[in-house]
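Dear colleague,

I am handing over the structure shown below, and after it you will find my notes on a few of its residues. Please read them alongside the coordinates.

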Amino acid sequence: MRILVIEDEHKVAHALKEGLEYEGYQVDLAGTGEEGFYILNSQEVDLLLLDLSLPGRDGIEILKTIRRTGMILPVLILTARDAVEDRVIGLNSGADDYLIKPFAFSELLARIRVLLRRRKNEDLLRLKLADLEMDFVTHKVKRAGQPIALTAREFELLEYLLRRHGQIVSREMLAGDVWQETNRATPIDNLIDVHIARLRRKIDEPFEKKLLHTLRGVGFILSEEMP
Ligand code: CA
């Protein structure tokens with residue numbers, strides 16, 4: 001399990017890193033939001049510990065950007081005792097939990113375990129992007145609470161895109177991973193495009209906010225933001 005700590009106070013950051021590594025977590029440190037985003041975009045992070053008072057972009061801005069781009073990792077915010085407002089804003093901006101500084105390390109560990117366990121269960125059972133939800137127990141898809149009927153192939157295709165939301169998915173990837181077609185002598189690009197069009201008609205067309213975008217000549221991306 002990999003934890004990213006965005007905290008500008010060196011002493012605090014290093015104490016957290018040392019303590020968490022002792023507990024078996026892999027820990028990356030970032031002193032600013034920019035460094036944090038670099039790490040979030042370059043590797044898989046399971047949980048973010050986010051200090052709210054940072055130089056430059058503050059924690060709330062970082063948090064909002066993370067949620068806007070559709071990243072679903074759990075975020076635990078760290079805030080000063082006198083900043084009650086921050087706590088409320090933080091939770092409203094998409095934080096999963098908060099701790100008031102100074103806190104006991106054992107308390108931090110307990111919160112982290114809860115968040116990671118919750119995430120693990122959610123990951124296995126359902127995926128969500130904006131108001132689009134996929135449930136793998138019932139095999140149902142919903143958008144804005146309305147059920148959407150998909151064929152088995154469309155379900156697979158959507159799952160593939162949703163597990164990689166925010167990333168570009170090429171036709172080549174879809175051909176190999178969803179259609180298991182590795183022989184490029186039989187191009188199935190048209191078949192893929194037909195399925196994408198059908199999926200789009202079902203999950204996007206009736207709704208104002210579009211999630212499935214085509215990048216001409218590159219592939220597709222499922223994202224809340226226009227690529
Ligand atoms: Ca700070």
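The side chain of Arg171 makes a polar contact with that of Asp193 at 2.8 Å, a polar contact being a pair of N or O atoms within 3.5 Å, of which, within protein, one must be able to donate a hydrogen and the other to accept it, while residues adjacent in sequence count only if both atoms are side-chain atoms. This is a predicted model, in which local features need pLDDT of at least 70 and side-chain atom pairs count only at pLDDT 80 or more, whereas totals for chains, interfaces and linings use all residues. Residues are numbered from 1 along each chain as its sequence is written, and side-chain values use heavy atoms, with hydrogens and water left out.

Arg171 lies in helix α7 (residues 171-177), helices being DSSP runs of H or I of at least four residues and strands runs of E of at least two, numbered from the N terminus. Arg171 counts as buried because its relative accessibility is 19% (buried means under 20% relative accessible area, exposed over 50% and partly exposed in between, with a 1.4 Å probe and protein chains only).

Glu44, by contrast, is placed in the loop between α2 (33-42) and β3 (47-51) and counts as exposed, at 60% relative accessibility. Leaving aside neighbours within four places in sequence, Glu44 is in contact (heavy atoms within 4.5 Å) with Arg2 and Arg119; the C-alpha atoms of Glu44 and Arg2, 42 residues apart along the chain, are separated by 7.5 Å.

Best regards
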